[in-house]
Amino acid sequence: MAKRLFGTDGIRGTAGKPPLDPGTVTALGIALAEDLHHQKLAQLPVLIGMDTRESGPAIAAQLADGLRRGGIRADFAGVLTTPGVAYLTRTGDYSSGVMISASHNPFEDNGIKIFAHSGFKLPDEEEHEVEEAIFRILPDVTNDGTVEALAPSTSVRPYVDFLLSTLSSAKPLAGLKIIMDCGNGAASALAPDLFREAGAEVTAICNQPNGRNINLNCGALHLESLRAQVVAAGADAGAAFDGDADRSMLIAPSGRIVDGDAMMLIAARRLQASGHLPGNMVVATVMSNLGLEKALGSLGIAMLRTPVGDKYVLEEMVRRQAALGGEQSGHIIFREYATTGDGMLTALKVLETAVLTGKTLDELAADLVVYPQLLVNVRVKERRPLDQLTRVTDEIHACEAELNGSGRILVRYSGTEPLLRVMVEGLEQGQVQRLADRVKDAIHADLG
């Protein structure tokens, strides 16, 4: 049965409005408490963390109030990254973990991601059960939003120490000059000091969150300013994180963007050389560039594709016992260390590889020949099944015939926003743009 609240990355929407209104958030807390009672985990508290949005404290308090009504205590970590919540949940005495964040979205939005005791995101079936409980509970919930704010009660230092423990020596980044864009998000108070502890010389930018500037023309989705500063300063690298720091993007000295595909290639090569890439495989998504598949193939590494979402990447990694997986967008999962994408861990490991090999990021990514790829987001008012969009499906088939095996077309609904995403990949940029325009026009024709 289709879920109505949970998308590909938890519940997301405009803060203060359904499903993130006080009543629904409180009902979620009660429903999660019921779920934990059924699992006989009610004796353990739930860990709550959040990014820097101004709506975060209120949502955290409402959720904690719901948990309290359900007989479960909440511990509050304050501002913390999504992978930090996942790590502390699985290594501490917690029944579950909740991250309040809308990732790369603007400050008006927010979201709720739930982690199981294991540190994994809830499976679809459990999300559905929690969702059904919310709808059952909601009519009887009263909450006008005036709940007492939470005070941080949990140290995040164990997570920082864990990240440092994954490195090969005490200060492996010594000598590296890094410009770091924290996106005014959850990494703002953590990342600069973490990388300094690892030995790097760090210039931090966009690390002064005010509740409304998260992801505002900065961070992993807005790299223009960071690129310019890296080149102007002659830095060894730039690093950018999104709002909850479950993804990162790097900038090479030349200004080249080292995205998730490039970072997977760099990491896979190192893991293979050290005998830590079981099955010689990497798990990526349908969005990863054809160039990555070919570059990995030249190393004898197979690339498996999943639907978009690091949740689905991780499920396939666990099923295949793969060590490395991720998304072009910068969500990279090192299964030896983590149960979710971790932007700070990824940046640490890739930059450590640069130091250990004595190569720049430009040199490490040189064998990734990127096929022209265009992503177009078309805002939609309804989500009719794609197979009912006759003009769209006909146009996709016509465009695929023109590509004749030398590219790909992918059309999918966003799991978190009212968007229909169109990805076209091919040998020549002009052709890619033309085909994307044709599919976009067909979407407008079918959906208005």
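Student: Which element supplies the largest share of the lining of the second largest cavity?
Tutor: The largest share comes from α3, with four residues. A cavity is a set of points on a 1 Å grid over the protein atoms alone where a 1.4 Å probe fits but cannot get out, and lining residues have an atom within 4 Å of a point. Elements are DSSP runs numbered from the N terminus: helices (H or I, at least four residues) and strands (E, at least two). This is a predicted model, in which local features need pLDDT of at least 70, side-chain atom pairs count only at pLDDT 80 or more, and totals for chains, interfaces and linings use all residues. Residues are numbered from 1 along each chain as its sequence is written, and side-chain values use heavy atoms, leaving out hydrogens and water.

Student: Where are α3 and the other element that supplies at least two residues?
Tutor: α3 covers residues 82–91, and α5 covers 157–165. The residues around this cavity include P83, Y87, F162 and Y337. Seven of the lining residues are nonpolar, two polar and two charged. In this scheme Ala, Val, Leu, Ile, Met, Phe, Trp, Tyr, Cys and Pro are nonpolar, Asp, Glu, Lys and Arg are charged, and the others, Gly among them, are polar.

Student: How much space lies in it?
Tutor: The second largest cavity holds about 40 Å³. A volume is the space filled by probe spheres set on the grid points, which are joined across faces, edges and corners.

Student: And what volume has the largest cavity?
Tutor: The largest cavity has about 60 Å³. Its lining has two nonpolar, three polar and five charged residues, and D9, K113, E127 and K311 are among them. Both β1 (6–7) and β6 (109–116) supply at least two residues of that lining.

Student: Changing topic, how much space lies in the largest pocket?
Tutor: About 1100 Å³. A pocket is an open set of points with protein on both sides within 12 Å along at least five of seven lines. Among its 40 lining residues, L221, R247, Q328, S329 and L375 lie nearest the centre. β16 gives the largest share of the lining, three residues.

Student: What about the volume of the second largest pocket?
Tutor: That volume is about 470 Å³. This pocket has 21 lining residues, and G7, R383, G415, T416 and E417 are the closest to its centre. β2 gives the most to the lining, with four residues. G7 also lines the largest cavity.

Student: Which residues of the largest nonpolar core touch the most other members?
Tutor: They are M180, F195, F241, L250, L324, L351 and L361, in a core of 69 residues. Helix α8 (residues 260–273) gives the most to this core, eight residues. A separate second core has 35 residues, including I11 and I112. A nonpolar core joins buried Ala, Val, Leu, Ile, Met, Phe, Trp, Tyr and Cys residues through side-chain atoms within 4.5 Å; buried means under 20% relative accessible area, with a 1.4 Å probe and protein chains only.

Student: Why does the radius of gyration agree with a compact globule?
Tutor: A compact globule of 448 residues would have a radius near 22 Å, and the protein chain has 22 Å, so the two agree. The radius is taken over C-alpha atoms, and the rule is 2.2 Å times the number of residues to the power 0.38.

Student: How many helices and strands does the chain have?
Tutor: There are 14 helices and 18 strands.

Definitions and conventions: Buried means under 20% relative accessible area, exposed over 50%, partly exposed in between (1.4 Å probe, protein chains only).
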